[in-house]
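Please look over the structure below.

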Amino acid sequence: MGNAHFDDQYSHQKVEIPAPKPFLKTLKSCVKEALFPDDPFRKFKNQSLTKKLALGLQYFVPILDWAPRYTFQLFKADFIAGITIASLAVPQGISYAGLANLPPVIGLYSSFVPPMVYAMLGSSKHLAIGNVAVPSLLISAMLGRVVNPHDNPKLYLQLVFTATFFAGVFQASLGLLRLGFIVDFLSHATILGFMGGAATVVCLQQLKGILGLVHFTHETDIVSVMRSIFSQLHQWRWESGVLGCCFLFFLLLTRYFSKKKPAFFWISCMAPLTSVILGSVLVYFTHAEKNGVQVIGHLKKGINPPSYSELAFSSQYLTTAIKTGIVTGVIAMAEGIAVGRSFAIVENYHIDGNKEMIAFGMMNIAGSCTSCYLTTGPFSRTAVNFNAGCKTAVSNIVMATAVMITLLLLTPLFHYTPLVVLSSIIISAMLGIIDYNAAIHLWKVDKYDFLVCISSFIGVVFGSVEVGLIVAVAMSLLRILLFVARPKTFVLGKIPNSMTYRNTEQYSAASSVPGILIIHIDAPIYFANASYLRERISRWIDEEEEKQRTLSEIELQYVILDMSAVGNIDTSGISMLEEVKRNADRRCLKLLLANPGGEVMKKLDKSNFIDTIGKEWIYLTVGEAVNACNYILHTCKFQSKRIESSTIPDDNV
């Protein structure tokens with residue numbers, strides 16, 4: 001079937017085994033690649049101690065790096081952007097605080113201290129900090145189950161501050177431990193479906209404000225919400241409904257106009273504050289609060305009071321607060337980093353995910369001690385900041401200053417602000433989050449991603465926010481497991497007039513080589529997929545032998561495993577290769593390996609598999625392996641013909 005000592009006639013480049021490295025050096029390299037892929041220590045090399053300290057401070061406090069280069073021209077742009085996002089932050093802060101069942105002033109507090117902290121520690125130039133709808137809904141849903149915010153508002157508020165504190169600790173810990181890759185397990189499809197479902201639930205819950213209802217369900221699923229709405233038909237207030245629909249139409253109209261005319265983006269930005277002012281004036285002069293239109297009422301003046309003494313570390317509900325903090329912290333962190341990276345790509349600069357986590361964590365820890373609840377970088381506010389022309393994080397400082405002035409001087413003006421206007425603002429913002437075009441795109445590109453997205457959406461809408469999140473993460477992890485446990489394998493064929501070998505299913509011109517089966521393994525070989533790969537390779541061999549018997553071609557004699565995509569292998573994978581080798585020997589087939597990587601070669605060498613298969617059967621490329629097989633096939637065929645001709649009797653003798 002072949003000559004094992006054909007190297008004298010046919011030589012090939014040997015596949016080298018990398019030089020062994022000390023275990024500690026290998027471990028250090030692996031840890032560095034896992035936790036420090038951006039190599040943050042390179043700038044510290046060959047620097048004096050003073051310079052290293054200065055660089056260290058600049059790394060952890062980025063404002064020290066860019067502040068010395070800050071100019072008045074930059075400040076003018078940041079000032080305009082800061083005032084613009086402040087006009088959005090005030091109504092949104094009040095609205096989202098209500099969504100979390102918190103006093104409206106807490107929403108204003110949350111737009112004062114956290115943006116100041118982020119401006120010093122954050123690495124994004126455009127991220128605008130503030131509270132957001134989905135974490136607000138999560139806080140209300142998770143903490144509202146154990147403490148009623150209306151019956152025991154003080155304890156509820158303490159748990160919110162405690163949850164915010166643990167969210168900050170969790171976020172900062174991930175950043176300090178360089179574990180930002182954990183957030184990557186929340187895929188784009190997962191976040192898309194989760195956010196869409198949460199936005200749908202938020203919109204439905206705002207029907208309470210639109211219809212002027214006083215009592216409403218604390219559940220978040222669509223069935224409970226609709227039951228609560230239609231079971232109170234006699235309590236619907238037409239005055240509130242008309243007012244809410246008018247303001248919602250106004251907000252949607254301004255958004256539509258701003259999308260058609262991007263130069264007038266400021267019209268959509270000013271619409272929420274304009275709605276608040278118009279609604280307050282209308283209620284004040286018509287006394288609509290006496291006719292079923294609910295208003296905010298008294299807002300306490302003054303800046304954030306300290307709340308570190310309100311952190312309920314000894315509460316019986318501490319476990320719930322920790323769980324709420326971790327869940328909301330992950331969602332807020334994922335949204336903030338994704339938004340920051342999106343705008344950084346547009347402006348061609350880089351933001352450090354781990355720095356962002358530290359910044360988010362520190363601003364939420366500081367916020368929990370200064371009467372704030374969870375904040376991050378919402379897309380809507382950041383988009384306004386970007387379109388307004390911000391240049392640095394100073395726009396957050398300007399916004400925080402404007403909110404501080406509002407807290408000190410202007411809070412009495414919000415007394416007559418109708419709750420229905422705040423509901424309209426929330427619905428308008430949430431409708432922009434439901435991205436059905438992105439879902440359609442997922443359907444066209446990847447059906448499984450679409451399934452993950454829809455499952456997450458349905459889980460949130462028909463179950464709860466936690467159920468939707470668990471379903472989405474579970475399906476994403478299932479996909480990872482499927483990729484690992486069921487890797488792709490396919491047969492390679494030769495492209496005509498070349499030495500290139502490609503997938504025969506992808507390239508119709510690629511033809512199989514008679515007598516040779518080339519199998520490409522498209523993943524590392526681990527314990528999770530070793531058994532599957534053994535069975536799949538055996539099936540490929542069976543199919544090839546059956547095909548060649550049907551076509552009366554040269555019988556199969558060689559099996560080449562293309563291992564160019566096998567980045568690593570474990571002991572289970574090596575055992576699998578040994579079984580494949582034994583199976584090939586039983587079938588009178590010769591097994592060859594093509595292009596195994598350095599890590600694979602090291603482990604094959606240490607396990608003595610190279611001696612088992614023979615060094616002469618390991619090749620640098622698929623082309624060399626095929627040439628070697630063809631050489632042996634043709635040599636054997638030629639020799640067999642000579643033997644046959646020499647045994648033919650000569651009639652003339």
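## Helix pair

Helix 20 and helix 21 are roughly antiparallel to each other (angles over 145 degrees count as roughly antiparallel, under 35 as roughly parallel, 65 to 115 as roughly perpendicular and the rest as oblique). The model is predicted: local features need pLDDT of at least 70, side-chain atom pairs count only at pLDDT 80 or more, and totals for chains, interfaces and linings use all residues. Residues are numbered from 1 along each chain as its sequence is written, and side-chain values use heavy atoms, with hydrogens and water left out.

Helix 20 covers residues 447–463 and helix 21 covers residues 465–485. Their axes come within 6 Å and cross at roughly 160°. Axes here are lines fitted to C-alpha atoms, for helices over the stretch in contact, and angles run from 0 to 180 degrees between N-to-C directions. Helices (H or I, at least four residues) and strands (E, at least two) are DSSP runs, numbered from the N terminus.

The crossing is right-handed, meaning that the near helix is turned clockwise from the far one by less than a right angle.

Which residues of helix 20 meet helix 21? Among them are Tyr448, Leu451, Val452 and Val460. On the helix 21 side, the residues include Val467, Val471, Met475 and Arg479. Contact means heavy atoms within 4.5 Å. By class, this contact has 10 nonpolar, 5 polar and 2 charged residues (Ala, Val, Leu, Ile, Met, Phe, Trp, Tyr, Cys and Pro are nonpolar; Asp, Glu, Lys and Arg are charged; the others, Gly among them, are polar).

## Helix 14 and the asparagines

Helix 14 (residues 318–347) has 30 residues and should span 44 Å at 1.5 Å a residue. Its end C-alpha atoms are 42 Å apart, which agrees. The expected span is 1.5 Å times one less than the number of residues.

Asn348 follows helix 14. Most residues other than glycine have a negative phi. Asn348 and Asn595 are listed here with positive phi values.

Buried means under 20% relative accessible area, exposed over 50%, partly exposed in between (1.4 Å probe, protein chains only).

## A buried serine

Ser538 sits in helix 22 (residues 527–551). Ser538 counts as buried, at 18% relative accessibility. Leaving aside neighbours within four places in sequence, Ser538 is in contact with Asn583 and Arg587.
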